[in-house]
Amino acid sequence: MGVMRSKVIRRLMVRAHRWAALVLGLALVVESTCGAVALYQSEWFLATHSGFYRHTDSDHQISAQDATAYGVDPGTGRINGLADIDGGVMGFIVNLHICALACPHYPGYISALADLAPILGLTWGAAILAGLGLLMLALAITGVLAWWPGIRRLWRRTRVRWSAGRFARDYDLHNLIGIVALPFLLMWGVTGAAFELPVVANAWLAVTGGHWR
């Protein structure tokens with residue numbers, strides 16, 4: 001009876017993992033790629049607005065506070081140029097990654113995504129990001145439950161049957177790569193959901209012994 005129950009639970013975990021992966025596949029690629037690119041927003045702006053940072057030596061340089069609105073030469077006080085730091089392609093990528101296109105001051109803004117979703121108290125954009133984070137957590141957890149073979153057979157899930165046919169090889173690679181990627185999936189899922197849902201952040205802090213600052 002216990003063996004049958006275990007098989008049913010495993011089958012349910014496999015199905016849940018499969019559907020979570022199907023929904024998350026494209027979203028994970030888009031969100032991860034945008035996040036990786038958005039890390040270099042400052043470098044991108046510097047590379048595309050090099051004249052913005054001309055510098056002239058002077059004994060009477062203006063303060064940083066006086067130069068925040070424009071690109072200003074601190075040596076002469078002359079304006080090098082005016083540019084929208086959050087505009088262009090990079091601004092769109094940041095909006096997509098951080099706000100799901102719900103941030104009004106960035107390119108690609110969709111006003112409907114800035115409306116509040118019923119019950120949740122979040123904008124639709126925030127709800128989408130929180131949902132993706134929770135789905136990623138579900139993907140990681142169901143993946144572990146579906147993968148776990150027990151202590152005695154653990155070694156079988158860490159090897160790849162290269163000569164046992166294409167299906168067996170790909171299945172083993174999927175298992176191995178998936179378990180190696182597990183810490184990253186958990187990190188992306190927790191941080192993505194916690195950014196929008198305080199309950200997830202509080203749960204994570206309770207588990208890890210952290211606290212708000």
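**Reading a predicted model**

Guide: A polar atom of the Thr142 side chain lies 3.4 Å from the backbone oxygen of Leu139. A polar contact is a pair of N or O atoms within 3.5 Å; within protein, one must be able to donate a hydrogen and the other to accept it, and residues adjacent in sequence count only if both atoms are side-chain atoms. The model is predicted, with local features needing pLDDT of at least 70 and side-chain atom pairs 80 or more, while totals for chains, interfaces and linings use all residues. Residues are numbered from 1 along each chain as its sequence is written, and side-chain values use heavy atoms, leaving out hydrogens and water.

Visitor: Which other backbone oxygen does the side chain of Thr142 reach?

Guide: That of Ala138, at 2.6 Å. Thr142 itself lies in helix H4. Helices (H or I, at least four residues) and strands (E, at least two) are DSSP runs, numbered from the N terminus.

Visitor: Is Thr142 buried or exposed?

Guide: Buried means under 20% relative accessible area, exposed over 50%, and partly exposed in between (1.4 Å probe, protein chains only). Thr142 has 9% relative accessibility, so Thr142 counts as buried.

Visitor: What does Thr142 touch, leaving out residues up to four places away in sequence?

Guide: A contact means heavy atoms within 4.5 Å. By that rule Thr142 touches Met13, Ala16 and His17.

Visitor: How many helices and strands does the protein chain have?

Guide: There are six helices and two strands. Along the sequence they follow the pattern α-α-β-β-α-α-α-α. Of the 213 residues in the protein chain, 28% are buried.

Visitor: How do I read one face of a helix?

Guide: An α-helix has 3.6 residues a turn, so residues three or four places apart point the same way. Take helix H6, residues 198-208, where Val200, Ala201 and Leu205 are buried. Seen down the axis of H6, these buried residues fall within an arc of 135 degrees, so they line one face of the helix. The arc is taken from the directions from the helix axis to the C-beta atoms.

Visitor: What does the buried side of H6 pack against, and which exposed residues sit on the face turned away from it?

Guide: The buried residues pack against helix H4 (124-147) and helix H5 (166-196). The face turned away carries the exposed residues Val199, Ala206 and Val207. Just after H6, Gly209 takes a positive phi of about 80 degrees.

Visitor: How many aromatic pairs are there?

Guide: Rings of Phe, Tyr and Trp (its six-membered ring) pair if their centres lie within 6.5 Å; planes under 30 degrees apart count as stacked, over 60 as edge-to-face and the rest as tilted. The count is one aromatic pair. The ring centres of Phe184 and Trp188 are 6.3 Å apart and their planes are at 40 degrees, so the pair is tilted. Both residues lie in helix H5, four residues apart, about one turn of the helix. Phe184 is partly exposed, with a relative accessible area of 45%, and Trp188 is partly exposed at 38%.

Visitor: How many disulfides does a search of the whole structure find?

Guide: A disulfide is a covalent bond between the sulfur atoms of two cysteines. The search rule asks for a pair of cysteine sulfur atoms within 2.5 Å. It finds one disulfide. Cys99 is joined to Cys103, with S to S 1.7 Å. The torsion about their S-S bond is about -45 degrees, so the disulfide is left-handed. Cys99 and Cys103 are buried.
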